[in-house]
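Have the viewer open as you read.

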Amino acid sequence: MQPTRDLSKSWIEDENFFKHMCEVGRKYEAIVMQKLIDAGIEDVQLLDDGFRKNVADIKRYTTNSKDLLIKGWPFEVKSRNVYFTDPDDWPANYWPMFLDTVAGFESKKAKPVGYIFISQKTGAMMAASTAKINRQKWDTQRRFDRERKIWDTFYSLNREDVISEDELITKLLAMKTKPE
């Protein structure tokens, strides 16, 4: 059960809420990893960046954060409390879709090569590439985050920039291992 968000604090300072959000994220990262392994992608690693020691530590955590390594390449996993089975049934009123906060993405030293979105309701996945050619199509939007109950600026994607789970698996199976 999700703890009640203490609105007298920033979401980052609300320790119970923040830990809960991290636990949910880790749960779905593990589910994505297992689904990819079950699909025949052999080199998938769940990374444990640990938990920040205090609010001041959040910058170090965000800068170095990676959720999964797939064939040596960093990927971010975003679980969504939204019903979808593929990009075509993502709720129309949720397009453009949040990718990440601008601050969160830009602060990462090693940019992820892709984002994998998983539905908390169906377990279905879809994904988006962060290749520079794709980034040129991203939009920025100041929007309200219903989970964290804050306004923030997000990179957002249109439907044509998101691929289905089947397309993701096909691309990952064909993807070369990152050179050392």
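Strand E1 and strand E2 (residues 68-70) run antiparallel and are joined by 3 bridges. Within this pairing, Gln-45 stands opposite Leu-69 of E2. Please keep in mind that the model is predicted.

Zooming out, E1 and E2 belong to an open sheet of 6 strands, ordered E1-E2-E3-E5-E6-E9, and the pairing in this sheet is mixed. Its edges are strand E1 (44-46) and strand E9 (163-164), each of which pairs on one side only. Helix H1 (residues 15-38) lies across E1, E2, E3, strand E5 (114-119) and E6, and runs at about 165° to E1.

## The three-stranded sheet

A further open sheet has 3 strands in the order E4-E8-E7, with antiparallel pairing. Here the edge strands are strand E4 (97-101) and E7, and each of them pairs on one side only. From one strand to the next, the twist averages 55°.

Let's take the two pairings in turn. Strand E7 (residues 139-145) and strand E8 (residues 150-157) are antiparallel and are joined by 7 bridges, with Gln-141 opposite Phe-154 in E8. E7 and E8 form a hairpin that leaves 4 residues between them, and Lys-149 in the turn has a positive phi of about 60°. On the E4 side, E4 and E8 pair in the antiparallel sense over 4 bridges. Phe-154 in E8 turns up here too, as the bridge partner of Thr-101.

## Aromatic pairs

How many aromatic pairs are there? The count comes to 10 aromatic pairs, taking ring centres within 6.5 Å as the cut-off. One of them is formed by Phe-105 and Trp-138: this pair is edge-to-face, at 5.2 Å centre to centre and with 80° between the planes. Phe-105 lies in helix H3 (residues 102-107), while Trp-138 lies in the loop between helix H4 (132-135) and E7, so the pair ties together parts that are 33 residues apart in sequence.

## The second largest pocket

What is the make-up of the lining of the second largest pocket in nonpolar, polar and charged residues? The lining has 10 nonpolar, 3 polar and 4 charged residues.

Key: Residues numbered from 1 in each chain as written. Predicted model: local features only at pLDDT ≥ 70, side-chain atom pairs only at ≥ 80, totals over all residues. Heavy atoms only, no water. Nonpolar A, V, L, I, M, F, W, Y, C, P; charged D, E, K, R; others polar. Pairing = 2+ DSSP bridges. Helix = DSSP H or I, 4+ residues; strand = E, 2+ residues; numbered from the N terminus. Contact = heavy atoms within 4.5 Å. Axes fitted to C-alpha atoms, helices over the stretch in contact; angles between N-to-C directions. Phe/Tyr/Trp six-rings, centres within 6.5 Å; stacked < 30°, edge-to-face > 60°.
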